[in-house]
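Take a moment to look over the sequence and the fold. The paragraphs below walk through them chain by chain.

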Amino acid sequence: MADQDTIDLVKTIEVDKYKYGFETDIESDYAPKGLNEDIVRFISAKKGEPAWMLEWRLEAYRAWTHMEEPTWAKVHYPKIDFQDLYYYAAPKSMAAPKSLDEIDPKLLETYAKLGIPLKEQEILAGVRKQGEKSTLDDDGNEVTAGRVAIDAVFDSVSVVTTFKAELAKAGVIFCSISEALREHPILVKQYLGSVVPAGDNYYAALNAGVFSDGSFVYVPPGVRCPMELSTYFRMNAKNTGQFERTLIIADKGSYVSYLEGCTAPTREESQLHAAVVELIALDDAEIKYSTVQNWYPGDAEGKGGVYNFVTKRGDCRGARSKISWTQVETGSAITWKYPSCILRGESSRGEFYSIAISNGRQQVDSGTKMIHLGKNSSSRIVSKGIAAGRSDNTYRGLVSAHRKALNARNFTQCDSLLIGDQCGAHTVPYIEAKTSTAIFEHEATTSKISDDQMFYCMSRGLSQEEAVALFVNGFVRDVLQQLPMEFMAETQKLIGISLEGSVG
Amino acid sequence: MSIALQPTAAEQAFGMSLPHRRMEEWRWTDLRARLDKPYPSIDTAVDEKSVARIMAASPLAGIAKYRAVFVNGKFDATNSTIPALLPSVIPAQAGIHLSIKENRVQSDSRLRGNDDGVDDPLVVLNTSLKPEGVTLHFSSNITVLVEIMHIATNAAPRAVALRNHIEVAAGASATIIETFIGEGDYVLSSVTELELGEGARLDRIKLEWESAKANHLSQVVATLAKDARLNEFTLTSGAALNRQNGTYTFVGQNADAKISGAYLLNGKQHADTCLVVDHKVPHCTSRELFKCVMDDHARGIFQGKVIVRKHAQKTDGKQSSHALLLSETAEFDAKPELEIYADDVVCGHGATSGDINPDHLFYLRSRGIPEAEAKSLLIAAFVGEAFDNVENDDVRAALVNFAEDWLRQK
Amino acid sequence: MLKIENLHVKLEDENREILKGLSLSVKPGEVHAIMGPNGSGKSTLSYVLAGRDGYEVTEGEAMFNGEDLLAMDPNTRAAKGVFLAFQYPIEIPGVATMQFLKVALNAQRKARGEKELSIPEFMRFVKDRAAKLNISQDMLKRPVNVGFSGGEKKRAEVLQMAVLEPSLCILDETDSGLDIDALKVVADGVNALRSPVRAMIVITHYQRLLDYIVPDFVHVLSAGKIVKSGGKELAHELEKNGYADYAEKVA
C-alpha cells in the first residue's frame with residue numbers, strides 16, 4: 001500500500017524538513033546587479049542570440065517598465081527591489097556547452113544529491129534506486145520506472161541535456177532554449193511568445209526581457225516521444241532571480257510527456273523566480289506537463305523562501321488537441337501560478353490537476369484558466385488545496401465559453417482541506433458562459449479531518465502525523481494518479497514532509 | 001494603473017464617481033458605462049391614475065394587510081394602508097412600530113458591509129439622494145404581512161431613493177414584502193437594513209419588477225443575533241439593469257440565514273446579485289440558492305462570497321447558483337467564492353450553467369407532452385426549487401403565477 | 001399495427017450503423033419478445049421507435065397504424081399510442097410524479113381531441129392504478145424518478161403505462177436491476193395491461209422476464225438484424241445455448 005510507504009517515510013523524517021536546502025560552493029559569473037537595457041543586452045550577448053531576439057527582449061523590457069505589479073492575488077510580501085537582484089548567474093566552469101564528461105564534478109554532485117542523476121541510463125527517482133519496484137501501482141502491478149531525458153538548469157544556464165542523441169533519432173528536439181535559438185531559430189521565432197506574448201503580464205514581460213535559459217521541445221508530426229522529458233531547475237546563487245522560459249511544440253498527431261522539478265538552497269533572503277512556459281499542441285497532438293515544485297518555502301516564521309511568479313499557458317491550437325497540466329505545489333514562500341489552456345481547436349481538451357500544499361507562512365494563489373473558443377471543446381479541473389500552519393491557500397480559476405464555443409463542457413471539482421485553525425483556504429472561481437450550449441458544472445467543498453476519523457486512526461496505532469499523512473494522501477488521490485510513475489513516489493514523500501509540524 | 005477618469009454626465013449629476021469594471025466586484029456590471037445619461041434628483045408630479053394602475057398590476061396586489069407606499073421616492077399616505085403612521089394608532093401592544101423618516105442622510109458605517117473602511121458605492125449613492133423610508137420595529141409575533149411598496153411613474157428620467165430599516169426584536173417574528181414596480185426611465189436606489197435580535201425570525205420577500213427601462217440598484221445589510229433566523233427570497237424580473245448587493249453578518253451563535261432568489265430575464269436585461277455572507281461567530285448556518293433563467297440576450301450574474309472568520313468553528317455554509325440559458329445568446333457569469341479561516345467547518349458551493357437537459361425533454365415528450373409545454377414544465381420545475389423557500393402560501397402562489405405568466409409570454 | 005421494413009439506423013455522432021435492415025410486424029394483442037446480446041441494437045430500436053434525437057434513419061420505414069411513425073415528434077407518437085418503458089428512467093427534479101402524469105395524460109387527450117380529465121377524476125384514476133403496483137401516495141408526490149430505487153423506477157414506468165393506456169408498449173430491459181420479487185410486481189402490472197387491442201414489444205437480454213410475461217413470438221436480434229424468429233420455446237433454447245450461434249451466423 002502506498003499509504004504505508006508515506007507513513008514510514010514520515011516516521012524517518014529529520015527535524016530539518018527541507019532537505020534540498022544545501023548550497024553548492026561554485027564560482028559564478030554574474031551580470032552586474034540591477035536591471036536596465038544594458039543587462040538585457042548583456043544576457044542576449046552572452047547567449048549569442050540573433051538580433052531579432054534582442055529586439056524582442058528590449059521591447060518586452062520597455063513594456064515592463066510601464067507596467068505595475070499585480071495586486072489582485074491573495075498574497076502579501078514586501079515590495080521587491082528589482083534593482084537589488086542579479087539577473088544572470090552561471091557557474092564559471094560553464095563558459096561553453098560541454099558534454100557530460102566535462103561538466104564540473106561539483107554540479108554533478110549537486111544533482112546527484114538532489115536525486116537527479118545526470119548520467120544517461122540512470123533514472124530520475126526521488127527515493128528509488130534504478131530498477132527497484134515501485135510500490136505505488138494500485139492494481140498491484142510491478143512498475144519499474146522508464147528512462148527520462150533531463151535538461152538540468154542551474155541558475156541561469158542549462159548544464160546538460162541527456163539522451164539527446166537517442167531523441168534525435170526519433171526526430172524529437174530536446175535542448176536548452178539558448179541552444180534552440182542558435183540551432184533552430186526558425187522554429188523558436190515562429191512559436192516564442194505566440195501563447196504568452198512578451199507583454200502579457202508584469203512577470204511575463206520581465207521574463208521575456210531577461211530570461212536566461214530554459215528548455216525547448218519540438219515533437220515532429222506523428223511522433224510519440226520515446227521517453228519522458230524532464231527539466232530540473234536549481235537556484236543556487238545568492239540574490240539572483242531565476243527566469244527560465246520553456247517552449248514545447250507538439251506537432252500534428254504527436255505526444256509528449258514532460259516533467260519539471262525545482263529546488264533551491266535555504267537562504268534567509270527571498271529569491272525571485274519568474275518563469276514562462278508556453279505549450280502548443282497542433283491537430284491531434286497531446287502534451288502532458290507535470291510539475292513538482294519544491295522551491296525553498298522559507299522557515300516557520302516566514303523568513304526567506306522563493307517568490308514563485310509563473311505564467312504557464314497552453315494553446316490547444318489544433319483540432320482534437322489535448323493539453324494536460326498536473327502540478328504538485330509544495331514549496332515556495334509565495335506561489336502565483338495559473339497554468340491555463342486556450343481551447344481553440346475544435347474538440348480540443350484541457351485538463352488541470354493540482355495539489356497545492358501550504359504550511360508555515362506559505363502563501364499560495366494558484367489555479368487555472370480554461371478558455372473555450374472551439375466547438376465541442378472540453379475541460380476538467382480537479383484542484384486539491386491543503387492548508388496547514390499559518391498559511392493561506394487560494395484556488396483561483398476561470399472557466400469561460402466564448403459565444404462560438406458550441407457544446408463546450410467543463411467540470412470543476414475544487415476541494416480544500418484545512419489542518420489547524422491558524423490557516424486559511426479560499427476558493428475564487430470565475431465562470432463565464434456565453435452560450436447556452438455550454439454545460440458547466442462546478443463544485444467546491446471545504447473539509448477537515450474529523451475528530452472521529454483521527455481517533456479511529458490513532459486507536460489503530462497511528463500517530464497524529466501519520467494519520468494526517470494518510471488522510472491527505474487519500475484526499476489528493478485523484479490528482480496523484482495523474483502523475484507519471486517517476487514522480488509519484490517523490491510526491492507522496494513530499495506531502496508527508498510538507499505537512500511536518502502541522503499538527504500537535 | 002489608476003487613470004483619472006473624466007466624470008460622466010451621470011457621475012456629474014450624482015456628484016460622485018460610479019463603480020466600473022476595473023473594480024473586482026463590478027467586473028461584469030460596468031455601472032459607469034451603463035448609466036449613460038444624467039439622472040437628476042428631481043420632484044415629479046404624481047399622476048394618481050398611473051399610481052392606481054401600477055398598484056393594481058402588482059403580482060402581489062392585495063396580499064399584505066399593512067402597506068407603506070412610496071411613489072417616486074416620496075411617501076404616499078393616501079395609498080398606504082397603515083391606518084396612520086402614529087404609534088398611538090398602531091399601539092405598541094400590537095407589536096409593530098412604524099415611522100416614516102424623511103431625508104435620512106447619515107452615512108452609517110454599519111452599512112459598509114466590509115472591513116476595508118470604504119463605503120459601498122451603492123450606499124454612498126443612496127445617501128447622496130436623500131432617501132425617505134420607513135423604520136419598522138417588530139416586537140412580538142406578527143402574522144399579518146407588511147409590505148413596503150415603491151412605485152415609479154412614467155416621468156422624466158430621474159433618480160429616486162428609498163432607505164428602510166427593519167428591526168425584529170428578540171423573540172419576535174414578522175414577514176415583510178418589498179415590492180418595486182414602475183413605468184418609465186429612472187434609477188431606483190434602495191438600501192434596506194435588517195436587524196434581527198436574539199431568537200428573532202424574519203421572512204422577507206422582494207419582488208423586483210421595475211420598468212423595462214429602469215435601473216435598479218439595491219443594497220441589503222443584515223445582522224443576525226444569536227438564534228435568529230432569516231429567510232429571504234428575491235424574484236428578479238424587471239429593469240434593464242439590476243444590481244442587488246447583500247451583506248449578511250452573523251454576530252450571534254446558532255443563527256440561520258436562508259437566502260434564495262430567482263431570475264426570469266429576457267430581452268437585453270442584465271441582473272447581477274452580489275452577496276457576502278460573513279460568519280463572524282461559530283455554529284451558524286447559511287444557505288444560498290439562486291435559480292437563474294435567461295432568454296434572448298439577457299445576462300445573469302451571481303457573485304457570492306462566504307467568509308468564515310477565525311474561530312467561527314462549526315460553520316455550515318452552502319451556496320448554489322444554477323443557470324438555465326434558453327437562447328444561444330443568453331449569458332451567465334458566476335463567482336461563488338469561499339474565504340475560510342477556521343478548520344472545523346463544512347462549506348461548499350456548486351454552480352452550473354446550461355440549456356434544458358435534452359434527456360429530460362425527450363422523456364417528457366415520450367409521454368405525450370408537446371415540446372413547448374414540456375419546456376415550460378422543466379423551467380418551472382427549475383425555478384420552483386427556489387420558490388419553495390417562500391413560506392407564506394399566498395405569496396408563493398402569487399409568485400408562481402407570475403412565473404407561469406412570464407413563461408407563457410415567452 | 002406496427003410494421004418495420006428494412007430499417008437501417010446509424011448514430012449521428014459516430015457515423016456507425018447500428019440497425020442493419022431490421023424488419024418486424026406486430027399485430028394488436030400480440031406480445032413480441034426481442035432478445036439479443038449486448039450491442040446488438042436492442043436499445044437503439046426502442047429509442048428510434050420513441051423518437052429520440054441522435055439517430056439517423058438511412059433506409060427503411062416504420063409504419064404505425066398506416067402512418068409514418070418516424071416522421072412524428074416524440075409527443076405525437078405518444079399521443080398516437082406508442083409508449084416506451086425506459087431501461088434507465090430519467091430523473092426530473094422539481095416535477096412531482098402526480099403533476100407529471102396529469103400533464104402527460106391531458107396533453108395526450110388534448111392531442112386526440114378528447115376532453116381533459118377533471119382533477120378529482122384524475123386523482124381517483126391514478127390512485128386506483130398506483131395501488132395495484134404498490135406505489136404509495138408519497139411516491140406520487142416525489143419528483144419524477146428522483147431518489148427512486150431501481151425497483152421503484154420500473155414500477156413507476158409501468159404505472160405511467162397503466163395511466164396513459166398506450167396501444168403499443170415497448171419495454172426496454174424492464175427486468176434489468178430487479179430482484180425476483182420486484183420483477184413479479186412489474187410483470188403482474190404488465191400482464192394486467194395485456195388486451196386484444198394492445199400490443200407489446202418486450203426487449204430483454206435474459207429469458208427470465210419471459211417466464212412472467214409470456215410472449216407469443218420471440219425474435220433474436222444480432223448485429224442489427226433479426227436473425228431468427230419463433231415461438232416462446234426459442235427463448236428457452238437461447239437460455240440454454242446462449243447467443244454464440246447467432247453471433248457467428250452474422251459474422
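Predicted model: local features only at pLDDT ≥ 70, side-chain atom pairs only at ≥ 80, totals over all residues.

Helix α4 of chain C covers residues 119-132. Its axis and that of α6(C) lie 10 Å apart, and the two helices pack at an angle of about 135°. Angles over 145 degrees count as roughly antiparallel, and those from 65 to 115 as roughly perpendicular. From α4(C), the contact takes in C:Phe125, C:Val126, C:Arg129 and C:Ala130. From α6(C), it takes in C:Leu159, C:Ala162 and C:Val163. By class, the contact of α4(C) with α6(C) has six nonpolar residues, no polar ones and one charged.

The loop between α5 (137-141) and α6 (150-164) holds C:Asn145. What is the phi of C:Asn145? It is near 65°, a positive value in a residue other than glycine. Most residues other than glycine have a negative phi. Is C:Asn145 buried or exposed? Buried means under 20% relative accessible area. C:Asn145 has 1%, so it is buried.

Now move on to helix α7 of chain C, residues 180-192, where C:Val190 is found. The relative accessible area of C:Val190 is 0%, so this residue is buried. Which residues does C:Val190 contact, leaving aside its neighbours within four places in sequence? They are C:Val158, C:Met161, C:Leu171, C:Met200 and C:Ile213. Take C:Met161 as one of these partners. In sequence, C:Val190 and C:Met161 are 29 residues apart. In space, their C-alpha atoms are 8.6 Å apart.

Turn next to chain B. Two packed helices are described by the angle between their axes and the distance between the axes. Here the pair is helix α5 (residues 358-366) and helix α6 (residues 371-387) of chain B. Their axes come within 9 Å and cross at roughly 125°. That angle makes α5(B) oblique to α6(B). α5(B) passes α6(B) in a right-handed crossing. Which residues make the contact? On α5(B), they are B:His360, B:Leu361, B:Leu364 and B:Arg365. On α6(B), they are B:Glu371, B:Ala374, B:Lys375, B:Leu377 and B:Leu378. The residues of this contact divide into five nonpolar, one polar and three charged.

Chain B also has a residue with a positive phi. It is B:Lys130, a residue other than glycine, with a phi near 50°. Where is B:Lys130 found? Look in the loop between α4 (121-128) and β4 (133-138) of chain B. The relative accessibility of B:Lys130 is 48%, so it counts as partly exposed.

How many helices and strands does chain A have? Its secondary structure comes to 12 helices and 23 strands. The chain has 504 residues, and 64% of them are buried. Consider the contacts in chain A with a separation of 6 or more. Residues 24 or more positions apart account for 84% of them. The chain exposes about 18100 Å², with carbon and sulfur atoms supplying 49% of that area.

Within chain A, find helix α2 (residues 37-46) and helix α3 (residues 51-65). Their axes come within 10 Å and cross at roughly 150°. The two helices are therefore roughly antiparallel to each other. α2(A) passes α3(A) in a right-handed crossing. A:Glu37, A:Val40, A:Arg41, A:Ile43 and A:Ser44 in α2(A) take part in the contact. In α3(A), they meet A:Leu54, A:Arg57, A:Leu58, A:Tyr61 and A:Arg62. This contact has five nonpolar, one polar and four charged residues.

End on a strand. A:Thr326 lies in strand β14 of chain A, residues 322-329. A:Thr326 has a relative accessible area of 1%, so it is buried. What does A:Thr326 touch, not counting residues up to four places away in sequence? A:Lys288, A:Tyr289, A:Ser290 and A:Thr291 are among its contacts.

Terms used
Residues numbered from 1 in each chain as written. Chains lettered and ligands numbered in written order. Heavy atoms only, no water. Helix = DSSP H or I, 4+ residues; strand = E, 2+ residues; numbered from the N terminus. Buried < 20%, exposed > 50% of the residue type's maximum accessible area, 1.4 Å probe, protein only. Contact = heavy atoms within 4.5 Å. Areas by Shrake-Rupley, 256 points an atom, 1.4 Å probe, with all protein chains shown as cover. Axes fitted to C-alpha atoms, helices over the stretch in contact; angles between N-to-C directions. Parallel < 35°, antiparallel > 145°, perpendicular 65-115°, else oblique. Left-handed = near helix turned anticlockwise from the far one by under 90°. Nonpolar A, V, L, I, M, F, W, Y, C, P; charged D, E, K, R; others polar.
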